[in-house]
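Visitor: Please take me through one part of this chain at close range. Then show me how that part connects to the rest.

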Amino acid sequence: MFKERNNQFSVECQTKQANNCIQFGEYCDSEEEAIDWVEDECWINSGEGWICIRCHEYFMSNLYKIRVEKGVKKEEAKTKKKDDEDGTELFKGIETVL
Ligand SMILES: [Zn+2]
């Protein structure tokens with residue numbers, strides 16, 4: 001999770017998934033300072049490491065896309081069901097009138 005260079009420490013992005021991933025935080029004199037830096041930059045602590053803000057955005061937008069796709073399918077299913085119910089009710093209504 002840390003990258004050491006010339007006795008300085010940098011927090012490494014855990015995932016490096018985004019094309020514009022920052023990859024490494026700023027090099028600091030200690031690991032604690034390196035963590036302070038990434039916290040200031042709003043990196044996300046995953047519990048096992050740190051995810052840079054750009055990778056986090058990348059994951060969130062992917063998650064959003066998945067949610068939207070699922071949401072659309074759910075909405076379609078709901079609409080279809082509603083149509084069927086309406087059809088039945090209409091049919092029943094006609095029957096009653098007759
Ligand atoms: Zn990253």
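Guide: Cys21 sits in the loop between E2 and H1. Helices (H or I, at least four residues) and strands (E, at least two) are DSSP runs, numbered from the N terminus. This is a predicted model: local features need pLDDT of at least 70, side-chain atom pairs count only at pLDDT 80 or more, and totals for chains, interfaces and linings use all residues. Residue numbers start from 1 along each chain, following the sequence as written.

How open is the site? A residue is buried if 20 or more other C-beta atoms lie within 10 Å of its own, exposed if 12 or fewer, and partly exposed in between; the C-beta atoms are placed from the backbone. Cys21 has 16 other C-beta atoms within 10 Å, so it counts as partly exposed.

Now its partners. Two residues are in contact if their C-beta atoms, placed from the backbone, lie within 7 Å. Residues up to four places away in sequence are left out, and Cys21 then touches Cys13, Lys16, Cys52, Arg54 and Cys55. Another separation to check is the one to Tyr58: 37 residues in sequence, but 9.2 Å from C-alpha to C-alpha.

Take Cys55 next. Beyond its neighbours within four places in sequence, Cys55 contacts Cys13, Thr15, Lys16, Gln17, Ala18 and Cys21.

Arg54 is another partner of Cys21. Helix H2, residues 53–97, contains Arg54. Arg54 has 18 C-beta neighbours inside 10 Å, so it is partly exposed. Not counting residues up to four places away in sequence, its contacts are Ala18, Asn20, Cys21 and Ile22. Arg54 and Cys42 are 12 residues apart along the chain, with 9.9 Å between their C-alpha atoms.

Stay in the loop for one more residue. Gln23 also lies between E2 and H1. Gln23 is not a glycine, yet its phi is positive, about 70°. Most residues other than glycine have a negative phi. Gln23 has 14 C-beta neighbours inside 10 Å, so it counts as partly exposed.

A nonpolar core is a set of buried Ala, Val, Leu, Ile, Met, Phe, Trp, Tyr and Cys residues joined through C-beta atoms within 7 Å. The largest one holds 10 residues: Phe9, Val11, Cys13, Ala34, Val38, Trp43, Trp50, Ile51, Cys52 and Cys55. Strand E2 (8–11), helix H1 (31–40) and strand E4 (50–51) each give two or more residues to this core.

Look along E2. In a regular strand the side chains alternate between the two faces of the sheet.

Two strands pair if DSSP finds at least two bridges between them. E1 (residues 2–5) and E2 run antiparallel and are joined by four bridges. Lys3 has Ser10 as its bridge partner in E2. Arg5 has Gln8.

Asn6 belongs to the loop between E1 and E2. Two residues separate the strands of this hairpin, and the phi of Asn6 there is positive, near 50°. Asn6, too, is not a glycine. With 5 other C-beta atoms within 10 Å, Asn6 is exposed.

Met1 is in the segment before E1. It is partly exposed, because it has 15 C-beta neighbours inside 10 Å. Its contacts, outside the four places either way in sequence, are Val11, Glu12, Gln14, Gly49 and Trp50. Met1 and Val11 are 10 residues apart along the chain, and their C-alpha atoms are 5.9 Å apart.

Step back to the whole chain. There are two helices and four strands. From the N terminus, the order is β-β-α-β-β-α. Buried residues account for 11% of the 98 residues. Of the contacts between residues at least 6 apart in sequence, 42% join residues at least 24 apart.
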